[in-house]
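User: Please go through the model shown here with me, one question at a time.

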Amino acid sequence: MKKFTYEIKDQLGIHARPAGMLVKEAKKFESSIVIRKEEKESGATKLMALMGLGVKCGDKIEVEISGPDEEQAFEEMQSFFSENL
Amino acid sequence: MGLFDFLKSENCPGAVFPASVGAAVKGTVVPMEKIPDEVFSAGVLGTCCGIEPEDGNIYAPFDGKISQLADTLHAVGVEAGGLELLIHIGIDTVDMNGDGFSARVKAGQRVKKGDLLLTIDLEKIRAARHATVVILAVTNSEDLTGVACTASGSVMPGEELLSVEK
């Protein structure tokens, strides 16, 4: 299991468009990826639940990855967040 | 098992498949591939269908529960066990920060088909230079065998827009 925290820099946070892109990215991996904001969490492939986290600019989220390709997913999810959010 | 589990099941009524998603607004159907935003037209958010609205009243497309309501009120999620739908008002309207949008429901609330969910000021969306198309996207399309847009031309609220097979 690997995890990282990320502070959201996108002004609009995780709304429909980035949530859709995030789901698409997360589906590339076999590993399960969980996004956590404080006490709430969502699978990274669950669009509606992700949007329901209400992640805003400045929020710190935790991304937890576990599975056979977690090393690769860890690297690529980090790049995804820094490039898109 | 928790003491209040029975409330959860009551809060989330099941969809009966094949399910039907009604038009959420009066207007003209815009096929998925004609929606002027790739995130919708390419199906990133699931199979969807648009309606170019004639007025700003957004109604529940089926009996279910409000699964999420964006703080900016430009998008609302409705679910009925096994069917998850996102109603997204306009393109890039997230940057309007709720100006021109008002909610008639709260997250978690149960709704009946035809209940008023949101009222929107189409003029404000136009003034902000955004497309006004209202998009209904079945966000868990991948878990379902068939989601298809069944309407074309003019639709009234509640008329079938999408059909969904489990």
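Analyst: A residue is buried if 20 or more other C-beta atoms lie within 10 Å of its own, exposed if 12 or fewer, and partly exposed in between, with C-beta atoms placed from the backbone. Helices (H or I, at least four residues) and strands (E, at least two) are DSSP runs, numbered from the N terminus. This is a predicted model, in which local features need pLDDT of at least 70, side-chain atom pairs count only at pLDDT 80 or more, and totals for chains, interfaces and linings use all residues. Residues are numbered from 1 along each chain as its sequence is written, and chains are lettered from A and ligands numbered from 1 in the order in which they are written.

User: Which element gives the most to the side of chain A that touches chain B?

Analyst: Contact means that the C-beta atoms of two residues, placed from the backbone, lie within 7 Å. By that rule, 12 residues of chain A are in contact with 15 residues of chain B. On the chain A side, α1 (16–26) and α2 (47–52) each supply at least two residues. The most, five residues, come from α1(A).

User: Is B:A128 buried or partly exposed?

Analyst: B:A128 sits in the loop between α3 (122–127) and β11 (134–138) of chain B. Because 15 other C-beta atoms lie within 10 Å, B:A128 is partly exposed.
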